[in-house]
Amino acid sequence: MNIRNFSIIAHIDHGKSTLADRLLERTGAISEREMREQVLDTMDLERERGITIKAQSVRLDYRAGDGRHCVLNLIDTPGHVDFSYEVSRSLAACEGAVLLVDAAQGVQAQTLANAFLAIEAGLEIIPVVNKIDLPAAQPERAAAELAAVIGVDPDDVVRVSAKTGGGIDELLERIVRDVPAPRHRPDQPLRALVFDSYYDAYRGVVCYVRVVDGSLDEGDSVLFSATREKHQATEVGVLTPRAVRVPTLGTGEVGYLITGVKEIDRIRVGDTVAHAGVSIEPLPGYRDPKPMVYSGLFPADGDDFERLREALEKLRLNDSALVYEPETSRALGFGFRCGFLGLLHMEIIRERLEREYDLELVATAPSVAYRVTLTDGSVKEIRSPQDLPGSDRIDHMEEPFLRAMIIAPSEYVGTIMELVQARRGVMEHMQYLSPERVELIYHLPLAEVVFDFFDNLKSRTRGYASLDYEPHDYRVSDLVRVDILLNGQPVDAFSTVIHQEKAYQYGKRMVERLRRLIPRQLFDVPIQAAIGSRIISRETVKATRKDVIAKCYGGDVSRKRKLLERQKEGKKRMKMVGQVEVPQEAFISALQADAGD
Amino acid sequence: MTVPVGSPDSPFLADAAAGWSAAYVHIPFCARLCPYCDFAVVAGRQDQTDRYVSALQSEIAMEPSWRPLDAVYVGGGTPSRLTVEQLGYILEEMRSRFGFGDRPEVSLEANPEDWTSSLADGLRRSGFNRVSLGVQSFDPQVLRSLGRMHTPEQAETAVLNARRTGFRSVNLDLIFGTPGESAASWRATVDRALNLEPDHLSLYALTVERGTDLSRAVAAGAPAPDPDRQADAYEAAKELCRAAGLVQYEVSNWARPDHGCVYNLIIWAQGEYLAFGAGAHGHRDGVRRRNVRRLDAYLEKVEGGHRPEQGAETLEEWAREQERLIIGLRRAAGVVPGWGGETLLLSSWGRRLERAGVLARKGDRLTVLQPLLGDEAARAVLALQPRER
């Protein structure tokens, strides 16, 4: 059997999903009548945002120009920087990658990041310029850039239009020609790589596997090497894209494996499947996805805590990168401290919780994991400002830095440098990809990127800049915790760990915002921002001076009571913080605004 | 005898009023509608007054007999839009149906522009002994923005005339905090009112009520009354009244000794009062009732031989106790703490109000020391769960 395993990698919106659809259609994997737009993006959110979150794979039967019958396994990859770990998992199951670039936009940061991942994984790269039908397309320029990046001749770059179908046949031929067939070692003991998994309510955990050596039959007794879990292969099959049960998955094949396991935690992506009782060398493993951003999620209505817990449990079944643990806030009640791969991941989880589980949530300001070395020499990882020990016990603190790659038209270099420097960025290097386009490599504190960095970059460059980043290292940093005090009492939900230079700005902003959000009370309410015992900013909500109905005559008695009854309901929803009544909405607005500005 | 002898803020009067009896009569007619008013009122229906007075007489006749009345209050609307004869018929009907107590308080609201010597004489002859004049302001500009038609001079003349005619008590209603009213203008208004040596003064903060022209204007961007400036105006007036020898006995009411308003004292003591006319509210035998509000609906009902009642409400024991506190705490005399007061004092809200200096227990009274913050106390009372007794 002629097998070709490949991925398509591209910057967001460069047309990866449309190209996948076209390949499915051209190879007859799916009829036009069945053709929904972008078959591989199944989640609603993916469709709306135009991004792919979960990798999926599909098997295409293709009769090549020379008459050979080929099986092409297309393994989809997510297109966003937050999910580069998922990209690497998918790439490990392939021998080749189609590197797709928009003819109008040219090479972008994610194109490069993913291309490097693919090159590192030893994949054969097929460079493709897409959207050549667009009026603004500059296929020759894009092809030249792409060729320069991976070191090929521009003439080797395939030109396609995934939308019209132009160039698709040539691309299919190139895949057959250039992507190496899997190395055949059918006589070796079974080794299959789990490159993805998902939870199906009826069938339990479904693993996507790539058989590297040997073959996997239905009914086989299998062992997951890392977890030492032993199960029976109750079903194996291929995705065409519908699941089709097959008796056997042979060497080099890609398909699914069902073992009846119900808990996603028991299957580790990156694990190696072997036959029980057969000793093998496991395939190179994967790192566990590591959360980069943390945020507290609290139900706006305290009664929804259990529903939130259930919803998180369900989401985690399909998203092993999501981690969470219970957290209690004096201001917000019971909730969860959640860890995310990045900001987009965080937003997606929040949106899914709100949309699919109908929860109203309050999220605390996103924070990163700081490393604190205590005076006794021990090292602690801090994921929530609450956990920070007193300053007298801290020897020094480190914060995570990213290596960020920004690609933009050269006219924007000035404004980008300004932005990055304001965010405490340190330049590693800068190079011109072409006379018009420049690549900047910076080391940036993750905490500075967590807030609005990307939006800011986009608006400064009219949307022309692209960004990619990877965790780099931890650096000693001058960090402080800023607390916000209401009538002298700290409000935990507003505490943040922040660089010394930004502390005053944060304190002033929160204090001013809260002054507008907190209703006047019976007494003056000081709102303060403090570092330890030092007050860095202060505002006062002046006491209410008049809060009484002017007139109470005979006809008014019932009416007055009803009016006050209604107001009282609002009073019951207030949270008491240091004798101050704070409406729930004030917490939400203060925190929301902080993510926004 | 129900002459309110003594200081109007005396706890004795405040508590005694719970046992007195009153009747309220509503006269909805107005020459034109004021933009801030949300009472049951009609303009341009002057041709209906005879019909209305007859309906009132019928409604009074339909009311089951009751105790003799200690206070009658004819309010509106603008009662002075009726003739002396018409007002006399109403009073006569009440007197014959229920009887009057010893030296009852018989009050009438009147607009300065309607006031004449002959009206004054006629009212006195019919038995009215208290008049409440809708003066509102002595600043012509403020009067204009309130939609009032009289001049400051007309108001002054009316007050002096009422006094000469021998009304036992003369009250002036003033409104403060109208957008555009300066602190100096308000002071001048209060000064001029006090110079007329009224027996009673009601000072109301202009309030934007739902459904009024004022609320529509504010929604469309017109300036709204500013609560802080209203608080300033209130404090200033309070000082001027004190200096003039008037005693504050409720959030918005001042009187000289022996001139507390009996009708008001009854209401604030959760006492009982009958009610007649469109939109009137009564409280009898523990039931709060309200009449239909629209003039035509009211006339139709009564002329059809039916009581014009639109709704009634009987409060549970705890709700009734809460009501006693929320109305009673508006008075300077405060309340006997009782079941509800003790519950309040033990609650976190009560303690917070005490700490903030809004609520205090003095001897056997529970009082609100800062009347301008009184609604916070009322909301706290309503948020309480009853304690076991």
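Here is a short talk about aromatic rings in this predicted model.

Mentor: Residues count from 1 along each chain as its sequence is written, while chains are lettered from A in the order in which they are written. Local features need pLDDT of at least 70 and side-chain atom pairs 80 or more, with totals for chains using all residues, and side-chain values use heavy atoms, leaving out hydrogens and water.

Trainee: How many aromatic pairs does the structure hold over all chains?

Mentor: Rings of Phe, Tyr and Trp (its six-membered ring) pair if their centres lie within 6.5 Å; planes under 30 degrees apart are stacked, over 60 edge-to-face, and the rest tilted. Over all chains, the number of aromatic pairs is 17.

Trainee: How many residues apart are B:Phe98 and B:Phe276?

Mentor: These two rings are stacked, 6.1 Å centre to centre with 25° between the planes. Helices (H or I, at least four residues) and strands (E, at least two) are DSSP runs, numbered from the N terminus. B:Phe98 is in helix α3 of chain B and B:Phe276 in strand β11 of chain B, so the pair links distant parts of the chain, and the separation is 178 residues.

Trainee: Why is the pair of B:Trp318 and B:Trp339 called edge-to-face?

Mentor: The ring centres of B:Trp318 and B:Trp339 are 4.8 Å apart. The pair is edge-to-face because the planes of B:Trp318 and B:Trp339 lie at 65°.

Trainee: Is B:Trp318 buried or exposed?

Mentor: Buried means under 20% relative accessible area, exposed over 50%, and partly exposed in between (1.4 Å probe, protein chains only). At 13% relative accessibility, B:Trp318 counts as buried.
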